[in-house]
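Colleague: I would like to learn how to read a few features of a model, one at a time. Please give the general idea and then the case at hand.

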Amino acid sequence: MQEASPKLPPSTPRRQLLGWGLALAGGLSLEACSLFTPRKPVLGLVLGAGAARGFAHIGVIKALEAQGIRPNLVVGSSAGSVIAALLASGATGNDLNRLALNLDEATIADWGLPFAGRFGGLIKGEALQAMVNREVRNKMIEQMNLPLGIVATELQTGKGVLFRSGNTGLAVRASCSVPGVFQPATINGKEYVDGGLVAPVPVSYARQMGATVVIAVNISSEPLHQDASGTFGVLQQTISIMQNSINQYELKSADIAIQPQLKQMSGSDFKSRNAAILAGEIATQEQMALIKEKLKL
């Protein structure tokens, strides 16, 4: 049996029906097109741990800005948290470059008595906290121009913590508190240490913040290039071994992994800041084609 066609009221003019049909078709077309409009990538910049090697992050930022590329959010761990906080507050790559060249490391090394306090540590960290807060004009983390995440390690549990609000300088101080070098930072009654212990390149935290494309900057030193002599050398080597093991898993989820060639630059080598900045620029330029492809530029 032939299926019956729906009957229209005899009074409905054919021209009016045609207008309705065209309007309906046009509406559906516009709606359908909007469903397939590509969404703009959310670019997350991840800045890793590495002490003085962190100057390379500035070169990365300068190279990206030279191509008009700016992140939508930034996450930092340990040394990377310092640069991340300054970038999020509105500093440009050139601003960071000037600050780096004028920085006297003595101004952030407030030496305490060896093994003083509950957990020891040669550097108290208060000077670093004050410097960061001064440079970000005392903005809280949640007040930044860019969404900012700072990673630290809760000492008692060993869990990674992502700070998304609160005192910026204090969170950075916590993230940079390398055990045995810095005294742990206390926040709301809990002690925190170096974010690099749990996330030397915190890619997963950038995803957690909503990044759909992640540029990760790995400045961790390779154990082969470390001086493992002396107590401090052994400590650095131990951290380097641990960080490289973690990075093997974390970097797999990054869209672009940038690794500046810092060779044998140690984490305490503040004299090589120019070379580190240049290494960051070069490593980023080498990846620029891939970066633009991922961002659909």
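This is a predicted model: local features need pLDDT of at least 70, side-chain atom pairs count only at pLDDT 80 or more; totals for chains, interfaces and linings use all residues.

Colleague: How many helices and strands does the protein chain have, and what percentage of its residues count as buried?

Modeller: The protein chain has 10 helices and eight strands. Of its 297 residues, 49% count as buried. Buried means under 20% relative accessible area, exposed over 50%, and partly exposed in between (1.4 Å probe, protein chains only).

Colleague: Which residues of α10 are buried?

Modeller: An α-helix has 3.6 residues a turn, so residues three or four places apart point the same way. In α10, residues 288-295, the buried ones are Met288, Ile291 and Leu295. Seen down the axis of α10, these buried residues fall within an arc of 60°, so they line one face of the helix. The arc is that of the directions from the helix axis to the C-beta atoms. Ala289 and Glu293, on the other side of α10, are exposed.

Colleague: What do the buried residues of α10 pack against?

Modeller: They pack against β1 (43-47), α2 (56-66), β7 (213-217), β8 (256-258) and α9 (273-286). Contact means heavy atoms within 4.5 Å.

Colleague: How many residues of β1 are buried, and which way do they point?

Modeller: Five of the five residues of β1 are buried, so the strand is largely enclosed by the rest of the structure. Leu43, Leu45 and Leu47 point one way from β1, while Gly44 and Val46 point the other way.

Colleague: Which strands pair with β1, and in what sense?

Modeller: Two strands pair if DSSP finds at least two bridges between them. β1 pairs with β7 in the parallel sense over five bridges, and Gly44 stands opposite Val214 in β7. β1 also runs parallel to β2 (residues 73-77), to which four bridges join it. In β2, Val75 is the bridge partner of Val46.

Colleague: Where are antiparallel strands found?

Modeller: Strand β3 (residues 148-154) and strand β6 (residues 190-193) run antiparallel and are joined by two bridges; Glu154 stands opposite Tyr192 in β6. Strand β5 (residues 185-187) pairs with β6 in the antiparallel sense over three bridges, and there Ile187 stands opposite Lys190. The hairpin of β5 and β6 has two residues between the strands, and Asn188 takes a positive phi near 50° in it. Asn188 is exposed, with a relative accessible area of 79%.

Colleague: How is a pocket read, and which residues line the second largest pocket?

Modeller: Rolling a probe the size of a water molecule over the atoms shows where empty space is left. On a 1 Å grid over the protein atoms alone, a cavity is a set of points where a 1.4 Å probe fits but cannot get out, whereas a pocket is an open set with protein on both sides within 12 Å along at least five of seven lines; lining residues have an atom within 4 Å of a point. Grid points are joined across faces, edges and corners, and a volume is the space filled by probe spheres set on the points. About 210 Å³ of space lies in the second largest pocket. Its lining is Lys40, Pro41, Leu43, Gly68, Ile69, Arg70, Asn72, Leu295, Lys296 and Leu297.

How values were computed. Residues are numbered from 1 along each chain as its sequence is written. Side-chain values use heavy atoms; hydrogens and water are left out.
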